[in-house]
Each structure stands twice: as structure tokens, then as C-alpha cells.
Amino acid sequence: HPMSWAGPKGPLPGIPGWLQLIVCIADNVGGWCVVFGFLTPLFAFLQACDMVVVTFVVKMARGLPYVGPRSFEVEAHLLAGALVLLLCGPGMYSLDAAITSVLERRARSS
């Protein structure tokens with residue numbers, strides 16, 4: 001249920017369905033895109049926004065500790081990783097870099 005998982009009894013009641021759908025796409029499709037380095041800045045930004053909400057609005061607001069069985073440690077590390085990818089880019093062995101090099105070669109040859 002990508003548009004109703006955070007419904008009235010969910011973690012964030014009142015979140016519109018379209019925003020829940022964006023979070024589902026950012027988590028599922030975006031995770032694979034980041035692994036292969038495709039559209040990395042876009043999906044790193046979406047994942048960073050998602051982890052900011054999860055870390056600060058959901059987990060820390062409930063008073064959960066940083067380390068422990070019920071904590072926000074994993075979410076904080078995912079936020080840090082998304083910020084690193086957002087600031088540093090996908091790298092030279094990514095699909096983004098391969099597409100950019102092909103487009104540059106075509107531009108030079110024409």
C-alpha cells in the first residue's frame with residue numbers, strides 16, 4: 001500500500017498519499033539507483049529528506065536513544081550516507097559517469 005502505509009494509525013498520521021508514494025519510490029527504486037549510480041543526486045536528496053523525517057520527527061521525538069535495540073542509530077547513519085552521496089556525487093564507476101562520458105564524446109564528435 002504505497003499511498004496508505006502511514007495512515008491514521010501509522011507513524012505520521014495525516015501525511016498525504018502522494019508524499020507517502022514519493023517515500024516508497026525513494027526507498028525502493030532510489031536504493032537500487034544509488035547502488036548503480038543512476039540519478040544519484042536526486043535519489044540521495046530524497047533519501048536524505050526521508051531520513052531527516054524518520055530520525056528527527058519520528059524516532060528522536062519519541063525519546064529513543066542513539067544506540068540500543070530501539071534507537072535511531074541506523075537512520076542517522078543512512079542520513080549521513082545520503083548526505084555524503086549528495087555532496088560528493090556518484091563517482092567515476094557509476095552509470096551517471098558512463099552516461100556523461102558518452103554524451104561528452106558525442107558532443108565532441110559532432
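Visitor: How many residues does helix α1 hold, and what should they span at 1.5 Å a residue?

Guide: This is a predicted model. Helix α1 covers residues 17-36, which is 20 residues. At 1.5 Å a residue, they should span 28 Å.

Visitor: Where does α1 bend?

Guide: At G30, by about 40°. G30 is also among the buried residues of α1.

Visitor: Which residues in α1 are buried?

Guide: Start with the general idea. An α-helix has 3.6 residues a turn, so residues three or four places apart point the same way. In α1, the buried residues are Q20, C24, A26, G30, C33 and V34.

Visitor: What covers the buried residues of α1?

Guide: The cover includes α2, residues 40-59, and α3, residues 73-88.

Visitor: Now the pair α2 and α3. At what angle do their axes cross?

Guide: Two packed helices are described by the angle between their axes and the distance between the axes. For α2 and α3, the axes cross at roughly 150° and come within 8 Å. That crossing angle makes α2 roughly antiparallel to α3.

Visitor: Is the crossing of α2 and α3 left-handed or right-handed?

Guide: α2 passes α3 in a left-handed crossing.

Visitor: Which residues in α2 and α3 meet?

Guide: From α2, the list includes T40, P41, A44, F45, A48, M51, V52 and F56. From α3, it includes E75, A76, L79, A82, L83, L85 and L86.

Visitor: Take T40 in helix α2. Is T40 buried or exposed?

Guide: T40 has a relative accessible area of 1%. Buried means under 20%, so T40 is buried.

Visitor: What does T40 touch?

Guide: Leave out residues up to four places away in sequence. T40 then touches C33, L85, P90 and D96. Of these, C33 is a buried residue of α1, and L85 belongs to the α3 side of the α2 and α3 contact.

Visitor: Which residues does L79 touch?

Guide: A48, M51, V52 and F56, not counting residues up to four places away in sequence. A48, M51, V52 and F56 are among the α2 residues that meet α3.

Visitor: How many residues apart in sequence are L79 and C49?

Guide: They are 30 residues apart in sequence. In space, the pair is 8.2 Å apart, C-alpha to C-alpha.

Terms used: Residues are numbered from 1 along each chain as its sequence is written. This is a predicted model: local features need pLDDT of at least 70, side-chain atom pairs count only at pLDDT 80 or more; totals for chains, interfaces and linings use all residues. Side-chain values use heavy atoms; hydrogens and water are left out. Helices (H or I, at least four residues) and strands (E, at least two) are DSSP runs, numbered from the N terminus. The expected span of a helix is 1.5 Å times one less than its number of residues. The bend at a residue is the angle between axes fitted to the seven residues ending there and the seven starting there. Buried means under 20% relative accessible area, exposed over 50%, partly exposed in between (1.4 Å probe, protein chains only). Contact means heavy atoms within 4.5 Å. Axes are lines fitted to C-alpha atoms, for helices over the stretch in contact, and angles run from 0 to 180 degrees between N-to-C directions. Angles under 35 degrees count as roughly parallel, over 145 as roughly antiparallel, 65 to 115 as roughly perpendicular and the rest as oblique. A crossing is left-handed if the near helix is turned anticlockwise from the far one by less than a right angle, and right-handed if clockwise.
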